[in-house]
Amino acid sequence: MIRKSKNTVSIRRDFVIMLCVCLFLIGLLLPSCIILPRSIIRTRVEEANSKLLDVYSGLLDKSWKFTQEAVFMLAVNDTLVGQLNLKISGILRFNIMTQLRDRMINELNISNNAYGFMFYSKENQIYLDRFIDKASYRERMSMQSFVKERYEQSLADNATADGNWFAAEVEGKIFLVCLFREGACIVGACIDPEDVLSELYPYEYGKDGTILLVDGSGNALTHRDLLEETQIHLDTLLATGKAENGTHYSVLRKATAVTDFELVMLYPINSILGGFNTLLVVLIVVCAVIIIFASLMMVTMHKTLMVPLRSLLDGMHEIASGNITYQIDTDIHYQEFQDVACAFNDMASKLNLISREYYAKILDEQKITLQYRQLQIRPHFLYNSLNTICLLMRVKRIDAAGELCECLIAYFRYLLTDINLLVPIGREVEHLRNSVHIQELRNPDRISMVFDVEDAALECQIPPLIIHTLLENTLKHASSSDGQLFVRLKIRLLHEGDRPMLSILLSDSGNGFSQEALHYLGQGGMPTEDGNEHIGLRNTCHRLTLLFGDHASVRFYNAEDSGACNELILPALMRGETTYEAPVDR
């Protein structure tokens, strides 16, 4: 059944309260907008514009400082300019000119507002420049003459080329120029202020409103044509805020930090409130539409949205509390919410099924692991090992007996204390070395084993005793014509497909599998010996299927020369991974 909450509040009542609050706020807002003093509106607009002017002043300062630093670096820290302070000629002169021109091109490319870079060496009579594409030939020639003239002036007064920005009129156009003299060379850059302020043009107010760049004397460096067309005297306007035609202007000024210039924003005061009445009408219409829309939504939202959502939320709370058998009511008027309810019920049913299968899998894995532990503790193995220790003691081989005791302790510690589902390959290999050493102490010269394990595979994790089972089967059933059995363990990390795989190959020098055994193994069955099935091999295949599904495989075959081969291919699980997640096909 659907769980119903008690002591709840009607959402319809909440919507009515919200609507009344909105009407009250709108009733306060509209009269305030109508009687709001013009001076307050003007103050707020001027504050906003002042902040805007601060932002653009900071951007201009940053850009001008970047270009100024580029000039300083070329003049002081560039070894090429230092070499040109001396008299040079020939190929060295050509190479230095080429490299210096390339550096000027690079600085022009990375500068945001530079119009051009100039260099002049009187000692070598070299003049180089690099301007943007739109610079005319006459501008470049006039700038060349200006730089040479400024160099001569700097010899008498170094302040004329000290790296500070100043305004200069070249070919009837105002430029911002930065010159720095180092020895017999002078390096400079120029900026077109009209280009610098081009991004500010959209922020014009009214017919005569704009943003100007003004020097320290109050002379306009930009928009001089606009001032001439409107017959505005800038000095009078800055002093009184009133133009000759009687129009009152709002004047905002912001001095720049890097230069002696300042930004001036001019706009008619009447333009601030020009669209105020239109804005008021739009505000009233918008408020009315909001009220009507909110009322309609209040009527329809409860039935169409809130009731199905409440039911879905109740179902989620039940699932979160552990009741995975919970089902919500699907008798809903609207098809979309009915589909959601059906999908939720189907998800809960699948979650219940997956949960039961997961717990069954865990129990099955624990049962198989327990069987593995029990199978490894074979009484005859323990008895034979103790008998060997007794014999070694009788023949006074105390060290060998002690070594065998230590090996047995490590052997049973691994079998009985490691209860993890996954262990590092390094631990499994150490256990295998210990097991083989026990066999060597009991039966010298009977078995020789080689471990060929890739270093990258040592940190991977595998089910415990998975290789040990194959080794025990090999030692038990493999036989060799000369009496000595050679066993080789080869482990490699394969980087193929969506994730790395482990290749575990255990081979021996015995007579190999019989044809009957290979037939059973190829069909998925297990061979029998004296009427008993190979439980170890069967459990190995079952454990791999539980952990990795179809992504792990076991192969049994004979080598070309002789001997049996047992090969495992399974996904490589690194440290920290406790389960295997198969890659999803997209």
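Start with the largest nonpolar core, which has 41 residues; such a core is a set of buried Ala, Val, Leu, Ile, Met, Phe, Trp, Tyr and Cys residues joined through side-chain atoms within 4.5 Å. Here, buried means under 20% relative accessible area with a 1.4 Å probe, counting protein chains only. Select Phe 117 and Phe 119, the residues with the most contacts inside this core. Then colour helix H2 (residues 38–77), which supplies the largest share of the core, eight residues. In soluble globular proteins, nonpolar side chains tend to be buried together.

A word on what you are viewing: this is a predicted model, in which local features need pLDDT of at least 70 and side-chain atom pairs count only at pLDDT 80 or more, while totals for chains, interfaces and linings use all residues. Residues are numbered from 1 along each chain as its sequence is written, and side-chain values use heavy atoms, with hydrogens and water left out.

Stay on Phe 117 and show its surroundings. Leaving aside neighbours within four places in sequence, its contacts include Thr 67, Val 71, Leu 74, Met 104, Leu 128 and Ala 189; contact means heavy atoms within 4.5 Å. For a second, separate core of 40 residues, select Val 436, Cys 460, Ile 467 and Ile 504, which are among its members.

Next, pick helix H5 (residues 137–156). Helices (H or I, at least four residues) and strands (E, at least two) are DSSP runs numbered from the N terminus. Among the buried residues of H5 are Met 143, Phe 146, Val 147 and Tyr 151. Their cover includes strands S1 (114–121), S2 (126–131) and S5 (185–191), along with S3 and S4.

Now go to S3 (residues 162–170) and S4 (residues 173–182), antiparallel strands joined by seven bridges; two strands pair if DSSP finds at least two bridges between them. Ala 167 has Leu 176 in S4 as its bridge partner. Which residue in the turn of this hairpin has a positive phi? Click on Glu 171, with a phi of about 55 degrees; two residues lie between the strands.

Move on to an open, antiparallel sheet of three strands in the order S6-S8-S7. S6 (210–214) and S7 (249–255) are at the edges with a single partner strand each, so one side of each has no neighbour in the sheet. Seven bridges connect S7 to S8 (residues 262–268), with Lys 254 partnered by Leu 263 in S8.

Finally, zoom out: the chain has 16 helices and 17 strands, and 41% of its 586 residues are buried.

How values were computed. Buried < 20%, exposed > 50% of the residue type's maximum accessible area, 1.4 Å probe, protein only. Expected span 1.5 Å × (residues − 1).
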